[in-house]
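Hi there,

Here is the structure I said I would pass on.

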Amino acid sequence: MISWDRVLVVALRVVRQLKRDRRTIGMITLAPVFLMVLFGYALSGEMSGVRLGIVDVGADGEVRDHLTSVKDFEILHLGSESDAEKMISEGRLSGAVVMGKTFMRVLLDASSPQVAGLITSEAGAALQKAGDAKENTREGLLLSPASPGSYMEMEQQILPARPVMEIRYVYGYDLEMMDSVGPAVLGLVVFFFTFLMAAISFLRERTLGTLEKFMVSPLTRLEMIAGYLAGFSLFSLIQSATTLLVVIFVFGVPMRGSVLTAFLVILLLGGAALTLGSLLSNFARSEFQVVQFIPVVILPQTVLSGVWWPVQSIPASVRPISYLLPLTYSSDALRQVMLKGASIGDIIYPDLAFLAGFFIITLAAAIAMLNRKVG
Amino acid sequence: MISSKYAGPAVFARKISKRFGKLQVLKNLDIKIPNATTYCLLGPNGSGKTTFIRAIVGLIGLDGGDLRVFGEPVKGVAGLYSRIGYMTQHKALYPDLTLQENLEFFAGLYGIRGLAARKRIDELLDMVDLKPHRGRLAGDLSGGMYQRLSLACTLIHEPELLLLDEPTVGVDPRLRQTFWDYFNRLTSQGATILITTHLMDEAERCRLVGYMRDGRLEAQGSPDELKSLAGLKPDLQLWMQDESASYSAASLLADHGFSARVEEGAVRVELASESQAAEVLRLVKPLDLRMHEPTLSQAFLKLGEADR
């Protein structure tokens, strides 16, 4: 029979300890905000200051006008194609467009696919604008400064009549990178900090000898972990609240669903992180060894759980691992709640069901390990 | 007010054994610790003292034998945890909590709250002489103060059975005396205290002493019983006028059946009991004299030699 009084005593102690540790409080509340701001700007997808050379050998005015009007480009007018090649090789230009009456050649630095992609798409858009695609031929010449002299040539016929593409968003909203990543990162920071703090806290209980003392007191293992859950949940809520505020008000990510539903997902994920931290602390002898869990436990989740890119883009051979990671489900659930306005009922299966299952299994394993380690 | 409901021995061990891998730590150990007494477990490092204490509280399972706490088989010891106080060598405390908060936390675990908790905490802080420091962080305390706080946390729920693994390391002699006064008060109220220590003068204060070696109990009894078991007797040291007088006195005493020898300029006479001192002084008239009681330490050295 669980004694809620004792759970409360442990929770109060955890809160008292954390409250006194100002640096950790700062880490808990400010680090996620810092990370979000960092991710927000890094992932905005917007480029600027791309140095593009233009070699005009009698091009159509509209093509040139389009390219010079793109605000991401810093345009440099060059006299010859060989000048452009030289400057790209030296890293002074990101690419160049050689424009003639009947052709367009795009010279690119292959070391940055994103920049190359921007130049190619804007060059294509310029051609389409010119409305004279029929006569034109575009040749792409890829330059790689890493292997000078071994240029890869690519020719591509531009179809005479391009189909007009119309884009329609199913839930009426033009998502930017941050909108999709924000909700998932919210889960990531809560998981990361709760896991680390739990692993270190349980390790300390063991090294301080307090765990052994608990074992000879009326406090049960379940009450001890429940006390930690209650104490840490308070901090997880503060952490997710500050992170949510930044995600919503700084980055303008919508909150279409209920904040309470989002918190429920976060608490369940925080619980799973705590029990996993407690379980894995059994395999560490020092705080230094706990930090070594980061590349083993946290990094695979950041890469494989669909935080930054969809799980569907992860190779099929590795994907089964993705479906075993709690962050895969929290990312999906938080996206659904925030972007689509999903209710609890919409995310029960598989997201909440998996998170609850993961929590229960790791809780049982953590309790069993506490037993074994002390015995 | 502590008073044990159980009249039999607080701890009863019969032929208990425990092996860790290839190492046999407890070898058919037999110990009986009576209720309401202070029992000191002495022995060299690795003799199995801590293993025995951990077995009593159920932290390690035994390979064989019968171990009972308050008459209950050790398997059910978890039901007795509110009656047991266990102080480990780790001095389990939270350095980032204040003294008051540490005590409040351990009080809370035993369901002691509100006014009762405040009263108990005040009493214990008084006993361990830490009252002026109650608001300080435990991590800022000196080693001895930390030790005293750890003891206070162990005593918070007035346990009937106290298991103290080296409780007075780093505690100054004056405070050690306070501890022992408190321990004696507890045993007079019915508590049983089992202490492990390396300090012989601590063992002298216990009603019963058990000497463990190599996983077995080599000897058990009151400190006086152990000394006589080791064959140790009090001796008398006599200082005579000069060296020749010393040799004459030694020879005279030997003639009267005493074991006497000249050692460092003085005559040493072994006595069967203190009452023989008067007979010695009737035979010789020294300038000065001193009576030497055998120590427990000598007893264990002697017992150890006998084992070898």
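**What turned up**

In chain A, 75% of the contacts with a separation of 6 or more are between residues 24 or more positions apart; two residues are in contact if their C-beta atoms, placed from the backbone, lie within 7 Å. Bear in mind that this is a predicted model, where local features need pLDDT of at least 70, side-chain atom pairs count only at pLDDT 80 or more, and totals for chains, interfaces and linings use all residues. Residues are numbered from 1 along each chain as its sequence is written, with chains lettered from A and ligands numbered from 1 in the order in which they are written.

Chain A splits into domain 1 (4-43 + 176-374) and domain 2 (50-156), with bounds from an automatic or database domain assignment. Their centres, taken over C-alpha atoms, are 47 Å apart.

For secondary structure, chain A has 14 helices and six strands (DSSP runs numbered from the N terminus: H or I of at least four residues for helices, E of at least two for strands).

One helix pair to look at: α3 (residues 61-69) and α5 (residues 113-130) of chain A have axes that come within 8 Å and cross at roughly 140°. Axes are lines fitted to C-alpha atoms, for helices over the stretch in contact, and angles run from 0 to 180 degrees between N-to-C directions. On the α3(A) side the contact involves A:E62, A:V63, A:H66 and A:L67, and α5(A) brings residues including A:E122 and A:L127.

Cheers
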